[in-house]
Amino acid sequence: MAVRDITVIGHRALHQPTRRVREVTDEVRTLVADMFETMEAAEGVGLAANQVGVRLRLFVYDCPVPEQENARGVVVNPVLERLGTPEPLDEEEDGEGCLSVPAEYFPLARHPRARVTGTDLDGNEVVVEGEGLLARCLQHETDHLDGTLYVDRLTGPWKRVAREAIKDRGWAERKVLKWDPARLKAEKV
């Protein structure tokens, strides 16, 4: 397993839909193992393949769920169902971040529940359903696979604030971020 570089906003792979996984090969299994390692090193709760520069339709997740063990797994060729109606935006409760937009966090209303169906690495059907942070994670990672970043969904003044922050930090010019935990923690401040 290896920690891979994470693509950041502006990288072409993040702004294009991914390709369906036709066969789970040894290379795909290695990719998934590396994605778990990368997600853990970056202290994320989810990671889509195009965030490490691979345009395949799969993501990994390791998301806290209240009063349960973390929801953890991989979904190959996910199909998302958004469940419920989003509540009005609560700027303090509805914050979202992204490993591909490091050190930024903006409010974004999401559907309160979500369900993703797909397969695991052995071709078995996977159904992941959740609410709260898990629902946000499922929607966020599936958006990545469709070529959409969470900052693309921001509305009102938050869209402008995000554009300015991304420009100020120079993320769009970097394209790829080599994960140095010390530097990342310093940039989160």
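Reader: How much space lies in the second largest pocket?

Author: About 200 Å³. Keep in mind that this is a predicted model.

Reader: What makes a residue part of the lining of a pocket?

Author: A lining residue has an atom within 4 Å of a point of the pocket. For the second largest pocket, the residues that line it include Pro-64, Val-65, Val-128, Gly-132 and Leu-134. Strand E8 (125-131) and H2 each supply at least two residues of that lining. E8 gives the most, with four residues.

Reader: Which classes of residue make up the lining of the second largest pocket?

Author: Seven are nonpolar, two polar and two charged. Glu counts as charged, and Glu-129 and Glu-131 are in the lining.

Reader: What about the largest pocket: how much space, and how many lining residues?

Author: It holds about 680 Å³. Its lining has 36 residues. Gly-95, Glu-96, Gly-97, Tyr-105 and Leu-133 lie nearest its centre. H2 gives the most to this lining, with seven residues. By class, 16 lining residues are nonpolar, ten polar and ten charged.

Reader: Why is the contact between Asp-146 and Arg-57 called a salt bridge?

Author: The cut-off is 4 Å, from a side-chain nitrogen of Lys or Arg to a carboxyl oxygen of Asp or Glu. Here the N to O distance is 2.9 Å. That is within 4 Å, so the pair qualifies. Asp-146 lies in the loop between H2 and helix H3 (156-169), and Arg-57 in the loop between strand E2 (46-48) and strand E3 (58-63), so the bridge ties together parts that are 89 residues apart in sequence.

Reader: How do you know whether Asp-146 and Arg-57 are buried, partly exposed or exposed?

Author: Buried means under 20% relative accessible area, and exposed means over 50%. Arg-57 has 16%, so it is buried. Asp-146 has 39%, so it falls in between and counts as partly exposed.

Reader: What makes Arg-169 and Glu-104 a salt bridge?

Author: Their side chains meet at 2.5 Å, N to O. Against the limit of 4 Å, that passes. Arg-169 lies in helix H3 and Glu-104 in strand E6, so this pair ties together parts 65 residues apart in sequence. Arg-169, at 29%, counts as partly exposed. Glu-104, at 13%, is buried.

Reader: Which residues are linked with Glu-96 in a network of salt bridges?

Author: Arg-82, Arg-110, Arg-136, Asp-143 and Arg-153. The side chains of Arg-110 and Glu-96 meet at 2.8 Å, N to O. Both Arg-110 and Glu-96 are buried. The structure holds 15 salt bridges.

Notes:
Residues are numbered from 1 along each chain as its sequence is written. This is a predicted model: local features need pLDDT of at least 70, side-chain atom pairs count only at pLDDT 80 or more; totals for chains, interfaces and linings use all residues. Side-chain values use heavy atoms; hydrogens and water are left out. On a 1 Å grid over the protein atoms alone, a cavity is a set of points where a 1.4 Å probe fits but cannot get out, and a pocket is an open set with protein on both sides within 12 Å along at least five of seven lines; lining residues have an atom within 4 Å of a point. Grid points are joined across faces, edges and corners, and a volume is the space filled by probe spheres set on the points. Buried means under 20% relative accessible area, exposed over 50%, partly exposed in between (1.4 Å probe, protein chains only).
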